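This report goes through the side-chain pairings, the core and the overall layout of one protein model. The sequence and structure come next.

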Amino acid sequence: MKKRQVVIRKQASQRTSSSQIVRTAAVRYAECQKNHAANIGGYGVDGCREFMAGGQEGTAAALGCAACGCHRSFHRREADTEVVGDNSSPS
């Protein structure tokens, strides 16, 4: 079984002198991680390499993958983040 460490970043407040402002620039959904063999006790993925929306953005169909048919939440989420400003004072 693969273990994964999840790190959650919170946007820092500008009130402190040593805060950073982090902005999420773009979100991309990569390969599908849905286990299709879970009901028989195994592990098998379908090989879908990238999420492709199945409909117009803002509709329910946009959350389904056109390539593999599963929901967007089964695809690995990649968020590009950037540090907009650093309010820390030099030591």
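## Aromatic pair

Rings of Phe, Tyr and Trp (for Trp, its six-membered ring) pair if their centres lie within 6.5 Å; planes under 30 degrees apart count as stacked, over 60 as edge-to-face and the rest as tilted. The structure, a predicted model, holds one aromatic pair. Its members are tyrosine 29 and phenylalanine 51, with 6.0 Å centre to centre and 65° between the planes, which is an edge-to-face arrangement. Tyrosine 29 belongs to strand β1 (residues 20-32), while phenylalanine 51 sits in the loop between β1 and β2 (75-86), so the pair ties together parts that are 22 residues apart in sequence.

Burial is assigned from relative accessible area (buried under 20%, exposed over 50%, partly exposed in between; 1.4 Å probe, protein chains only). Tyrosine 29 is buried at 18%, and phenylalanine 51 is buried at 13%.

## Basis of the values

The model is predicted: local features need pLDDT of at least 70, side-chain atom pairs count only at pLDDT 80 or more, and totals for chains, interfaces and linings use all residues. Residues are numbered from 1 along each chain as its sequence is written, and side-chain values use heavy atoms, with hydrogens and water left out.

## Overall layout

Helices (H or I, at least four residues) and strands (E, at least two) are DSSP runs numbered from the N terminus. The protein has zero helices and two strands. Of its 91 residues, 15% count as buried.

Contact means heavy atoms within 4.5 Å. Among contacts between residues at least 6 apart in sequence, 50% join residues at least 24 apart.

A nonpolar core is a set of buried Ala, Val, Leu, Ile, Met, Phe, Trp, Tyr and Cys residues joined through side-chain atoms within 4.5 Å. The largest one has six residues: Tyr29, Cys32, Cys48, Phe51, Cys65 and Cys70. Both members of the aromatic pair, tyrosine 29 and phenylalanine 51, are thus named in this core.

Histidine 75 lies in strand β2 and is buried, at 4% relative accessibility. Neighbours within four places in sequence aside, histidine 75 is in contact with Tyr29, Ala30, Glu31, Cys32, Cys48, Glu50, Phe51, Cys65, Cys68 and Cys70. With the same exclusion of neighbours within four places, cysteine 70 is in contact with Cys32, Lys34, Leu63, Gly64, Cys65 and His75.

## Cysteines

A disulfide is a pair of cysteine sulfur atoms within 2.5 Å. By this rule the count is zero. Cysteine 65 is in no disulfide, and the nearest cysteine sulfur, that of cysteine 68, is 3.7 Å away. Cysteine 68 is likewise in no disulfide; its nearest cysteine sulfur belongs to cysteine 70, at 3.1 Å.

Cysteine 65 is buried, with a relative accessible area of 5%, whereas cysteine 68 is partly exposed at 24%.

## Salt bridges

Side chains of opposite charge can pair when their charged atoms come close. A salt bridge is a side-chain nitrogen of Lys or Arg within 4 Å of a carboxyl oxygen of Asp or Glu. The count comes to four salt bridges. One of them joins arginine 28 to glutamate 50 at 3.7 Å, N to O; arginine 28 is in strand β1 and glutamate 50 in the loop between β1 and β2, 22 residues apart. Arginine 28 also meets glutamate 78 in a salt bridge of 3.1 Å, N to O, and here the partners are in strand β1 and strand β2, 50 residues apart.

Arginine 76 forms a salt bridge with glutamate 31, the closest N and O atoms being 2.8 Å apart. Shared partners join Arg28, Glu31, Glu50, Arg76 and Glu78 into one network of salt bridges. Its residues are partly exposed: arginine 28 at 40%, glutamate 50 at 42%, glutamate 78 at 26%, arginine 76 at 28% and glutamate 31 at 23%.

## Charge over a ring

A charge sits over a ring if NZ of Lys or CZ of Arg is within 6 Å of the ring centre and within 35 degrees of the ring normal. Lysine 34 lies over the face of phenylalanine 74, at 5.1 Å from the ring centre.
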